[in-house]
Amino acid sequence: DFVDASRADELQPLMIAGMLRYYSENGYDTTWDELKESLFIEDGFIPLPSWPLYPSDEGLNFVYHQYEIASYAEGMPSFTVPYADIEPFLTPAARELLGL
């Protein structure tokens, strides 16, 4: 595991920003208030994806399965959180693996 799942609530601002970026990059400008009403989530809380997070040159990638948090028509929401932003939430093993 790359991130400490017990801190998912603290990750929400990064995940919200990532989701808004995903929709914006796909031509749908929206606000968080609008988006959270259309996502398959409870109380505006974005869960960690069921697929494992994976590293890239830019940061840690979050990818959701079809229907995991959005309709099929919305694709597979995905976004990257830069290492500088996600580093406080990384597990010790992930920090070591990533050289942070």
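What is the volume of the largest pocket?

Modeller: The model is predicted, and local features need pLDDT of at least 70, side-chain atom pairs count only at pLDDT 80 or more, and totals for chains, interfaces and linings use all residues. Residues are numbered from 1 along each chain as its sequence is written, and side-chain values use heavy atoms, with hydrogens and water left out.

The largest pocket has a volume of about 180 Å³. A pocket here is an open set of points on a 1 Å grid over the protein atoms alone, where a 1.4 Å probe fits, with protein on both sides within 12 Å along at least five of seven lines. The volume is the space filled by probe spheres set on the points, which are joined across faces, edges and corners. Asp1, Phe2, Val3 and Ala5 are among the residues that line the largest pocket, and the lining also includes Leu48, Pro49, Ser50, Trp51, Pro52 and Leu53; a lining residue has an atom within 4 Å of a point. By class, the lining consists of eight nonpolar residues, one polar and one charged. Ala, Val, Leu, Ile, Met, Phe, Trp, Tyr, Cys and Pro count as nonpolar, Asp, Glu, Lys and Arg as charged, and the others, Gly among them, as polar.

Phe40, Tyr67 and Tyr72 make a nonpolar surface patch of about 370 Å². Such a patch joins nonpolar side chains (Val, Leu, Ile, Met, Phe, Trp, Tyr) within 5 Å, from residues with over 30% relative accessible area and no salt bridge; areas come from the Shrake-Rupley method with a 1.4 Å probe, and for residues only the protein chains shown count as cover. Tyr67 belongs to the loop between β2 (59–63) and β3 (78–82), strands being DSSP runs of E with at least two residues and helices runs of H or I with at least four, numbered from the N terminus. Tyr67 counts as exposed because its relative accessible area is 52%; exposed means over 50%, buried under 20%, and partly exposed in between (1.4 Å probe, protein chains only).

Most residues other than glycine have a negative phi. Asp43, likewise not a glycine, has a positive phi of about 55°. Asp43 lies in the loop between α2 and β1 (54–55), and its relative accessible area of 81% makes Asp43 exposed.

Ala70 is placed in the loop between β2 and β3, yet at 0% relative accessibility Ala70 is buried. Ala70 and Pro13 are 57 residues apart in sequence, with their C-alpha atoms 18 Å apart in space. Phe79, in strand β3, is likewise buried, at 5% relative accessibility. From C-alpha to C-alpha, Phe79 and Asp57 are 13 Å apart in space, and they are 22 residues apart in sequence.

Two salt bridges occur in the structure, each a side-chain nitrogen of Lys or Arg within 4 Å of a carboxyl oxygen of Asp or Glu. Side chains of opposite charge can pair when their charged atoms come close. Arg7 pairs with Glu10, with 3.0 Å between the closest N and O atoms. Arg7 is partly exposed at 24% relative accessibility, and Glu10 is partly exposed at 42%. Asp33 and Lys36 form a salt bridge at 3.5 Å, N to O. Because Asp33 and Lys36 are three residues apart in helix α2 (residues 32–38), about one helical turn separates them. Lys36 is partly exposed, at 28% relative accessibility.

Finally, Leu98 lies in helix α4 (residues 92–98) and is partly exposed, with a relative accessible area of 23%. Leu98 and Phe45 are 53 residues apart in sequence, and 28 Å lies between their C-alpha atoms.

Conventions. Patch = residues over 30% accessible without salt bridge, like charges linked within 9 Å, V, L, I, M, F, W, Y side chains within 5 Å.
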